[in-house]
Amino acid sequence: MSAIHPMDYDIDAIRKEWVNRVIRTGHGRYPVEFDPIRRHCHMVGDLNPAFLDPELAEQGPHGAVIVPPSMLLTYFSGKGPWPPAAEKTETPQQEDTPASFFAVPVPGDRGINMEVQWDFLEPVRVGDRLRMEMIIADVFIKPIKLDPYTVWVVSETSFFNQEDLVVAKWRNTVLFHRSPAQIAEDNARSDAQTST
Amino acid sequence: MTAINYSKERYWDEVEIGDRLPSISLMLDATAMVLQVSGSQDWSLVHHDLEFANDSGIPNIFYNTGWTTALLGRLLTDWMGPSGWVQTMNFQMRGMNAHGTRCTAHGTVTGKRTESNHALVDVEIVLENDPGGVTTPGTATIRLPRK
């Protein structure tokens with residue numbers, strides 16, 4: 001069965017409670033480092049010396065190796081080098097409280113990212129210390145083929161450097177759906193309640 | 001494949017609407033899958049565990065947002081030269097780049113403008129999958145130096 005049965009899910013109450021709320025703040029556990037940049041680049045065959053070669057990068061416009069614009073998400077990746085314990089979640093989850101990884105309660109526990117919007121404002125260099133702040137911008141229900149009761153969560157994250165300068169902004173839309181087995185169990189409960 | 005000259009500047013004045021960015025094509029094989037997990041540090045099971053993907057109603061492992069962002073980012077940074085700056089990048093994940101397929105990143109210049117003393121180029125970006133077609137359409141704006 002899903003974490004919250006759709007019959008028990010009040011989208012208006014959820015929106016009222018969560019939209020515009022800061023749900024997560026986090027500091028990078030380590031400064032920006034060379035080797036995670038290398039791994040990020042090699043994932044897609046990127047050989048750009050601006051990201052990989054300290055000597056050449058020193059002569060470039062930024063005076064040092066910078067992170068590829070695509071890498072900030074990785075730096076704060078929730079399940080990798082920055083486990084949740086390293087972050088401060090404003091609304092700690094109780095063990096029995098179902099939630100998405102954005103803390104917003106949702107019926108489904110299968111997340112798929114759908115849309116990404118980035119503004120890159122300042123270069124991030126090796127040695128910088130970053131922090132992030134995430135708010136919930138929107139929550140709504142929109143069916144997909146896999147699940148007629150799919151909840152979409154839109155978040156907005158600002159990334160700051162050690163001088164408190166916003167280096168990037170990220171708006172992300174992710175949907176949470178139920179597995180086919182969860183949907184079948186939920187439907188069985190709905191049917192049972194309808195027939196009584 | 002032509003070697004990329006990373007030290008060569010690309011000037012706004014020389015860019016034409018309709019210019020195509022050199023495409024990048026990657027085979028999404030077993031090595032690419034583990035590089036995806038290592039490089040993105042996204043350990044969500046749906047991106048590397050076929051059984052979990054199937055249990056979610058999804059027929060195959062598909063590549064994650066970090067990987068998608070990195071590939072589209074590389075498309076732009078390979079082309080823009082050392083003084084270029086990716087100002088914005090937006091994309092929608094309308095289809096999945098599934099394990100075992102080939103994925104190609106394309107880009108085309110769609111506009112040139114100046115704004116707040118910045119010389120900007122708008123680029124349509126896309127990930128195309130063989131055999132899935134366009135999976136990830138998007139746009140980006142790049143700041144370039146002037147001559």
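Two residues are in contact if their C-beta atoms, placed from the backbone, lie within 7 Å. Helices (H or I, at least four residues) and strands (E, at least two) are DSSP runs, numbered from the N terminus. The structure is a predicted model, in which local features need pLDDT of at least 70 and side-chain atom pairs count only at pLDDT 80 or more, while totals for chains, interfaces and linings use all residues. Residues are numbered from 1 along each chain as its sequence is written, and chains are lettered from A and ligands numbered from 1 in the order in which they are written.

**View 1. The buried residues of helix α2 of chain A.** Helix α2(A) spans residues 34–43, and its buried residues are Pro36(A), Ile37(A), His40(A), Cys41(A) and Met43(A). A residue is buried if 20 or more other C-beta atoms lie within 10 Å of its own, exposed if 12 or fewer, and partly exposed in between. Gly45(A), which follows α2(A), has a positive phi, near 70°.

**View 2. Helix α1 of chain B.** Buried in α1(B) are Ala32(B), Gln36(B), Val37(B), Gly39(B) and Ser40(B). These buried residues pack against α2 and α5 of chain A, together with β1 (20–27) and α3 of chain B. After α1(B) comes Gln41(B), whose phi is positive, near 55°.

**View 3. The side of chain B that touches chain A.** Here 34 residues of chain B are in contact with 33 residues of chain A. On chain B, α1 (30–40), α3 (65–80) and β2 (85–92) each supply at least two residues of this side. Helix α3(B) gives the most, with 10 residues. By class, this side of chain B has 12 nonpolar, 18 polar and 4 charged residues; Ala, Val, Leu, Ile, Met, Phe, Trp, Tyr, Cys and Pro count as nonpolar, Asp, Glu, Lys and Arg as charged, and the others, Gly among them, as polar.

**View 4. Strands paired between the two chains.** Strand β3 of chain A (residues 110–120) and β2(B) run antiparallel and are joined by 5 bridges. Two strands pair if DSSP finds at least two bridges between them. Asp119(A) has Thr88(B) as its bridge partner in β2(B).

**View 5. The largest nonpolar core.** A nonpolar core is a set of buried Ala, Val, Leu, Ile, Met, Phe, Trp, Tyr and Cys residues joined through C-beta atoms within 7 Å. Of the 58 residues in the largest one, Leu71(B), Leu72(B), Leu75(B), Leu76(B) and Ile142(B) touch the most other members. The element that gives the most to this core is α3(B), with 8 residues. Beyond its neighbours within four places in sequence, Leu72(B) is in contact with residues including Met89(B), Phe91(B) and Ile125(B).

**View 6. The surroundings of Leu144 of chain B.** Leu144(B) lies in the segment after β5 (133–143) of chain B. This residue counts as buried because it has 21 C-beta neighbours inside 10 Å. The C-alpha atoms of Leu144(B) and Gly84(B) are separated by 4.7 Å, although these residues are 60 residues apart along the chain.
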